[in-house]
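Here's a quick tour for anyone meeting this structure for the first time. Have a look at it, then read on.

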Amino acid sequence: MTNIKEYIYNRLERVMDPEIPTLSVVDLGMITDVIASNDSVTVKFLPTFVACPATSVIRSNIKETLEQSGIPNVNVELENRFSWSSDRVTERGKQLLEKFGLGAPATITDALDLVQIESSKCPHCGSENTTMRSLFGSTLCRSIHYCNDCRQSFERFKPL
Amino acid sequence: MSEAIKDLLYRIADDELILGHRGSELTGLGPILEEDIAFSSIAQDQIGHALANYTILHEQFGEPEPDSIAFARGERLYKNSQFVELPIGEYDFSLMRHFLFDHSESCRYELLQSSSFTPLAALAKKIKGELKYHTLHADLWIAKLGNATEESHARMQSALNEAMPYALGIFEPSDYEGELIANGTFVGEKKLQAVWLERIMPVIERAHLALPDLSKIEPKFGGRHGYHTEYLLPLLDEMSEVYRFDSAAVW
């Protein structure tokens, strides 16, 4: 049974966020459980931002990808025991974000505050000497920052 | 009990839908690109939050599908406060409304985190982080413009004076206050208003604005009971145009 679960997680790593195509739903921390029984598979799925327009696409991509891998009867169920937080993004996910050119979200200590929201490491040169330009960016999950060292604007995946 | 909770859900969701629509009207019109993006993003969040509440109404109380709730009701059935339906006006008014309304929304959801009605408590916990970005955005700009130039200060002060009677209308009591409080669903509009006032005061002070004398203001009530200004109907007509043309249209 463990092997089936591993196989499914492995396949789920191919389901990418349409807005950040190098990041999988596993790296984003959107998968909370995989339950495999004899005749069906249930994937527990945690949406990120409530109004994220990519949610329904991601959901159907999960089902489609698994079915194309020969897994019949896939249910993608909404996880409702708890909510998503950017702290669920894996370490590998954070590295992939930076490689893609987005600042990674800071780990939220205690409660989300302005300092955590404003301070981002530059994904281009690694400098911490950056300034937040806008709390809102090109998608719901991004804010806009500027690096005072390499003098580049960059977007950052918001801590939430 | 269910009538009381339904009424509460409609108030919350209709505010979000209508203000979300107003926010979307600023897309392309923001005074600077970042503000254009901010108002558009907040609008997107608000419509998403309205959808979440309409979904609770549909799934828990057998109300119609979210799309028909949003687009196919008569004007009198909308429970939003009159505040959110007012036109966007100048940027100073839209910013002031964003500040006053979004803090009330954020306080409301904070208080709902411990609601005995668990679907709403779960939603409240889920969106608290998103709302934090909204209120931080409003606070930054209110403080910035309150302290910038004589003109910006004067504009923010007059926007505050103009908005306040409508902002107090957010807290129009429902017919179910006692029931909601007794049941542990919600602490009630009166308590919410007190929490809200405490939350906005430090920012108003930081911006060096003067809070109008609330005891002399007649709050603009009516919206929660379906009595709206002349501005809601044209908004609804525009918002539901595609739906009325083809209710099964898909993107």
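## The largest cavity

Sorted by class, the lining of the largest cavity has six nonpolar, four polar and three charged residues. Here Ala, Val, Leu, Ile, Met, Phe, Trp, Tyr, Cys and Pro count as nonpolar, Asp, Glu, Lys and Arg as charged, and the others, Gly among them, as polar. The model is predicted, so to speak of local features takes a pLDDT of at least 70 and side-chain atom pairs count only at pLDDT 80 or more, while totals for chains, interfaces and linings use all residues. Residues are numbered from 1 along each chain as its sequence is written, chains are lettered from A and ligands numbered from 1 in the order in which they are written, and side-chain values use heavy atoms, with hydrogens and water left out.

The structure holds three cavities of 30 Å³ or more, and about 110 Å³ of space lies in the largest cavity. Of the 13 residues lining the largest cavity, Leu19(B), Gly23(B), Phe39(B), Ser94(B) and His98(B) are the closest to its centre. Helix H1 (2-24), H2 and H5 of chain B are the elements that give two or more residues to this lining. A cavity, on a 1 Å grid over the protein atoms alone, is a set of points where a 1.4 Å probe fits but cannot get out; a pocket is an open set with protein on both sides within 12 Å along at least five of seven lines; and lining residues have an atom within 4 Å of a point. Grid points are joined across faces, edges and corners, and a volume is the space filled by probe spheres set on the points.

## The second largest pocket

How big is the volume of the second largest pocket? That volume is about 590 Å³. The second largest pocket has 25 lining residues, and Ala111(A), Leu112(A), Lys128(B), Gly129(B) and Lys132(B) lie nearest its centre. H5 and H6 of chain B are the elements that give two or more residues to the lining.

H6(B) gives the most, with nine residues. By class, the lining of the second largest pocket divides into nine nonpolar, seven polar and nine charged residues.

## Helices of chain B

Helices (H or I, at least four residues) and strands (E, at least two) are DSSP runs, numbered from the N terminus. Axes are lines fitted to C-alpha atoms, for helices over the stretch in contact, and angles run from 0 to 180 degrees between N-to-C directions. The axes of H5(B) (residues 91-112) and H6(B) (residues 118-146) come within 8 Å and cross at roughly 150 degrees. That makes H5(B) roughly antiparallel to H6(B), a label for angles over 145 degrees. Their contact has 16 nonpolar, six polar and three charged residues.

H1(B) and H5(B) pack at an angle of about 150 degrees, with axes 12 Å apart, and are therefore roughly antiparallel too. H7(B) (residues 150-169) and H9(B) (residues 189-206) pack at about 165 degrees, with their axes 13 Å apart.

H2(B) (residues 33-61) has 29 residues and reaches 42 Å from its first C-alpha to its last, close to the 42 Å expected at 1.5 Å a residue; the expected span is 1.5 Å times one less than the number of residues. Just after H2(B), Gly62(B) takes a positive phi of about 65 degrees.

## Chain A

Chain A has four helices and nine strands. Its C-alpha trace spans about 55 × 25 × 25 Å along the principal axes.

Conventions
Parallel < 35°, antiparallel > 145°, perpendicular 65-115°, else oblique.
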